[in-house]
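Here is a short briefing on a predicted model. Please have the sequence and the 3D view open.

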Protein chains: 2
Amino acid sequence: MLSGTAEYALRAVVCLARQPDGQPMRASDLAEQIGVPRNYLGKILHDLVRAGILDSSRGKKGGFKLALRPQDLTLLRVVSLFDTIGVGPDRRCLMGRPECGGADPCPVHHRWKDASEAISMFFEETTVGDVLSDE
Amino acid sequence: MLSGTAEYALRAVVCLARQPDGQPMRASDLAEQIGVPRNYLGKILHDLVRAGILDSSRGKKGGFKLALRPQDLTLLRVVSLFDTIGVGPDRRCLMGRPECGGADPCPVHHRWKDASEAISMFFEETTVGDVLSDE
DNA sequence: CAATATTATCATGCGATTATAGTGAATTCT
DNA sequence: AGAATTCACTATAATCGCATGATAATATTG
């Protein structure tokens, strides 16, 4: 449902959003806290920086921090860097019928569309702020 | 959203369900019809046989056929052989909190559950018979 | 029984994802 | 200035899913 890499990214982002005053956090600490191999997490964090989701700073008091307010960062923006969520524009019918679309849907087309859109909507509409809301 | 293998299996099963009188179909014919590499499909079909979804017979008039009535075969039973759909019993929280369950859900737990259950429900409640219903 | 057709199974290659190692560059502190 | 710390980047290895090909086992037919 979600690749390991995407899930790591999500946890890292949420963990950073919990930092008081947006204080930066070192990659090693982050890796230990969320249980992800240190070097691998480094690569993921770097991807997040290049996407503008995180800011990084080097040196003694450096680390990673969120570049946006949590409530402005959707889960989709994080996850879509690593996975393709939901049914893309070129996604064909579940049953492999190329002609299955608006005009000539297969019997299960609508039910499948509803279900898969529920997933897309979740990632589109949920923000990191929502995840934090009760802590 | 669904692995290639699972999708192949789904198409093969649907194709077999369309056979008149449950006549067996050879792996090669099936492979050609649904556009899947012959040898690879053989492996998938074998998996379906071991799961009790298909019957196979060797020799001159052999082939594969459904072992159940289409309306008694859910898509979940086919797909779950190859993919894990939705949130299984041991599936941890989306955010990686081991304690996230019924009693102490994280803020997005319910929304995530609703969305992912829409997918599970689709596969659980849709049968091969449903897919065939308009032909 | 022999010939043939078909599934069953194993061994292997390929590519994407996942993970590791190591070097270089920037920042901070003394 | 110099040392320590930390991210940036590249190269490489390990793992897994996907796909192919060849061979063995089994059933049907005559």
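Which residue takes a positive phi in the hairpin of β1(A) and β2(A)? A:Gly59 does, with phi near 90°. This is a predicted model: local features need pLDDT of at least 70, side-chain atom pairs count only at pLDDT 80 or more, and totals for chains, interfaces and linings use all residues. Residues are numbered from 1 along each chain as its sequence is written, while chains are lettered from A and ligands numbered from 1 in the order in which they are written.

**Hairpin in chain A**
- Helices (H or I, at least four residues) and strands (E, at least two) are DSSP runs, numbered from the N terminus.
- β1 (residues 54-57) and β2(A) run antiparallel, joined by four bridges; strands pair if DSSP finds at least two bridges between them.
- Five residues lie between the two strands.
- A:Leu54 stands opposite A:Leu66 in β2(A).

**Surface near DNA strand D**
- DNA strand D is surrounded by 25 residues; near means a C-beta atom, placed from the backbone, within 6 Å.
- Among the closest are A:Ser56, B:Ser3 and B:Gly59.
- α3(A) gives the largest share, four residues.
- Six residues are nonpolar, 12 polar and seven charged. Nonpolar covers Ala, Val, Leu, Ile, Met, Phe, Trp, Tyr, Cys and Pro; charged covers Asp, Glu, Lys and Arg; the others, Gly among them, are polar.

**Contact between chains A and B**
- Chain B puts in 22 residues and chain A 23 residues; contact means C-beta atoms, placed from the backbone, within 7 Å.
- On the side of chain B that touches chain A, α5(B) gives the most, seven residues.
- That side of chain B has 13 nonpolar, four polar and five charged residues.

Definitions and conventions. Contact = placed C-beta atoms within 7 Å.
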